[in-house]
Amino acid sequence: MPDQDSCFVCRKHNGLEFVPGGAIYEDGLIFSGHSWSAEDQKTPYLGGFIVEPKRHIPTWAELNDEEAERIGIVIRDVSRALKATVDAEHIYVFVLGHHVPHLHVWVVPRYPGTPREYWGLEVFEWPDRPTGGQKEVEVLCEKMRSFL
Ligand SMILES: [Zn+2]
């Protein structure tokens, strides 16, 4: 299908897009890996993970029962792994989907010491936020995999 051929998320699941660290979790229905896009390749927010259904569907509303159950469990497990690996004081889970019409759920740690004005979606704007390049992302993904 044309949609899936051009969809970044589908292409990633099919090994056609490079993502540092690869999958930290993958089964027949769900994929999870570190966030990575052309615009943040230099300094991604370290620990910003994405959980996606493998099926090309745009929103939470199109999940079938089995996918909804699995994605909930994987989001919980990624959240637990983040608390254990990066000492997250809080975990945000959100869906925006403004750029890619394939459901992708953000699971994002808030780091200790994050000023109150940078809570929520603003964590990405905090000047002192932990960031990392390809190497740091790969090291973190390896740690996360040991908890999943
Ligand atoms: Zn897709």
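The model is predicted, so I note its terms: local features need pLDDT of at least 70, side-chain atom pairs count only at pLDDT 80 or more, and totals for chains, interfaces and linings use all residues. Numbering runs from 1 along each chain as its sequence is written, and side-chain values use heavy atoms, with hydrogens and water left out.

**Entry 1. Sheet order**

I read strands (E, at least two residues) and helices (H or I, at least four) as DSSP runs, numbered from the N terminus. I took two strands as paired if DSSP finds at least two bridges between them. Five strands form an open sheet, in the order 1-2-3-5-4, with antiparallel pairing. Strand 1 (23-26) and strand 4 (90-94) are the edges, each pairing on one side only. From one strand to the next the twist averages 15 degrees.

I then went through the pairs. Strand 1 and strand 2 make a hairpin with three residues between them. Three antiparallel bridges hold that pair. Across it, Glu 26 stands opposite Phe 31 of strand 2.

**Entry 2**

Strand 2 is mostly covered, with five of its five residues buried. Strand 3 gives five of five as well. In a regular strand the side chains alternate between the two faces of the sheet. I checked strand 3 face by face: Phe 49, Val 51 and Pro 53 are buried on one side, Ile 50 and Glu 52 on the other.

Helix 4 (residues 134-145) packs on the sheet and touches strand 1, strand 2 and strand 3 (contact means heavy atoms within 4.5 Å). Its direction makes about 35 degrees with that of strand 1. Axes here are lines fitted to C-alpha atoms, for helices over the stretch in contact, and angles run from 0 to 180 degrees between N-to-C directions.

**Entry 2. His 34**

I looked up His 34, which lies in strand 2 (residues 30-34). His 34 counts as buried because its relative accessibility is 2%. A polar atom of its side chain lies 2.9 Å from the backbone nitrogen of Gly 47. A polar contact is a pair of N or O atoms within 3.5 Å; within protein, one must be able to donate a hydrogen and the other to accept it, and residues adjacent in sequence count only if both atoms are side-chain atoms. Beyond four places in sequence, His 34 touches residues including Pro 20, Tyr 45, Phe 49, Val 137 and Cys 141.

**Entry 3. Leu 103**

Leu 103 sits in the loop between strand 4 and strand 5 (105-110). Leu 103 is buried, at 1% relative accessibility. Its contacts beyond four places in sequence include Glu 52, Pro 53, Trp 60 and Val 95.

I listed the donors (N, O and S atoms within 2.8 Å of the metal, 3.2 Å for Na, K and Ca; water is not among the atoms, so sites may look incomplete). Cys 7 (SG), Cys 10 (SG), His 56 (ND1) and His 102 (ND1) coordinate the zinc ion at 2.0 to 2.3 Å. Cys 10 in helix 2 (residues 8-13) and His 56 in the loop between strand 3 (49-53) and helix 3 (65-86) are 46 residues apart, so this pair links distant parts of the chain. The donor spacing is C-x2-C-x45-H-x45-H.

Why do I call the arrangement tetrahedral? The four donors subtend angles of 105 to 117 degrees, and four donors count as tetrahedral if all angles lie between 85 and 135 degrees. Cys 10 is buried at 5% relative accessible area, and His 56 is buried at 17%.

Methods: Tetrahedral: all angles 85-135°; square planar, octahedral: opposite > 155°, others 65-115°. Buried < 20%, exposed > 50% of the residue type's maximum accessible area, 1.4 Å probe, protein only.
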